[in-house]
Amino acid sequence: MLAKKFALAVALAIIFPAMIDHAVRAVSAPAPSTENETNWEAKEKKFERALFYIAVPCGLIAIVTGALLSKQAAGAGLMFGGLFCAGDGYYNYWDDLPCAEKFVSLLIIFVALLAISFAKLEKNPAK
């Protein structure tokens, strides 16, 4: 049973960020074309920006939701998936993200993680 829980958690952790990434790609990714390289790069930057503003909040929501779930495998999978999803958003847009937005977004995630650790995880240390 432990192996099944682990497999479910890993599957959720892989599928969730891939699903968010592809949802954003379906809507805003530039298609390969014969356009000049500068125009394509501008469209790619626009996609990376959209990915950041969708993946990071979705990742945070998944982390919080995973912490609140009573099923350990689903909760762990969502928490790891949320971490990977937010990481995907940051990875693609980090260099272009203004410093203030980097700080604020990381602060929000930091506070949420602290709140989860104090409110949820410490209540039942035996679980």
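View 1. F103, V104, L107, I108, F110, V111, L114 and F118 form a nonpolar surface patch of about 790 Å². Patch residues have over 30% relative accessible area and no salt bridge; nonpolar side chains (Val, Leu, Ile, Met, Phe, Trp, Tyr) are joined within 5 Å, like charges within 9 Å. Areas follow the Shrake-Rupley method with a 1.4 Å probe, and for residues only the protein chains shown count as cover. This is a predicted model: local features need pLDDT of at least 70, side-chain atom pairs need pLDDT 80 or more, and totals for chains, interfaces and linings use all residues. Residues are numbered from 1 along each chain as its sequence is written, and side-chain values use heavy atoms, without hydrogens and water. V104 sits in helix α4 (residues 99-121). Its relative accessibility is 43%, so V104 counts as partly exposed. Buried means under 20% relative accessible area, exposed means over 50%, and partly exposed lies in between.

**View 2. The whole chain.** The chain has four helices and zero strands. Both are DSSP runs numbered from the N terminus: helices are H or I, at least four residues, and strands are E, at least two. The C-alpha atoms fill a box of roughly 60 × 35 × 15 Å along the principal axes. Of the 127 residues, 30% count as buried. The accessible surface comes to about 8500 Å², and 71% of that surface belongs to carbon and sulfur atoms.

**View 3. The largest nonpolar core.** Nine residues make up this core: F16, I20, V24, F47, L51, A55, A62, L78 and C85. Helices α1 (2-28), α2 (37-68) and α3 (72-93) each supply at least two of the core residues. Helix α2 gives the most, with four. A nonpolar core joins buried Ala, Val, Leu, Ile, Met, Phe, Trp, Tyr and Cys residues through side-chain atoms within 4.5 Å. Leaving aside neighbours within four places in sequence, V24 is in contact (heavy atoms within 4.5 Å) with A29, F47, A50, L51 and I54. A second, separate core has eight residues, including F52, L60, L97 and I109.

**View 4. Aromatic rings around F52.** The structure holds six aromatic pairs. Rings of Phe, Tyr and Trp (its six-membered ring) pair if their centres lie within 6.5 Å; planes under 30 degrees apart are stacked, over 60 edge-to-face, the rest tilted. F52 and Y53 have ring centres 4.9 Å apart and planes at 85°, so this pair is edge-to-face. F52 is buried at 4% relative accessibility, whereas Y53 is partly exposed at 36%. The rings of F52 and Y93 are tilted, with centres 5.7 Å apart and planes at 40°. This pair links distant parts of the chain: F52 in helix α2 and Y93 in helix α3 are 41 residues apart. Y93 is buried, at 9%. Ring pairs join F52, Y53, Y90, Y93 and W94 into a cluster.

**View 5. Salt bridges.** There are three salt bridges, each a side-chain nitrogen of Lys or Arg within 4 Å of a carboxyl oxygen of Asp or Glu. R25 pairs with D21, the closest N and O atoms being 2.5 Å apart. Both lie in helix α1, four residues apart. K45 pairs with E48 at 3.6 Å between the closest N and O atoms. D96 and K45 also meet in a salt bridge, 2.9 Å from N to O. This pair links D96, in the loop between α3 and α4, to K45 in helix α2, 51 residues apart.

Key:
Buried < 20%, exposed > 50% of the residue type's maximum accessible area, 1.4 Å probe, protein only.
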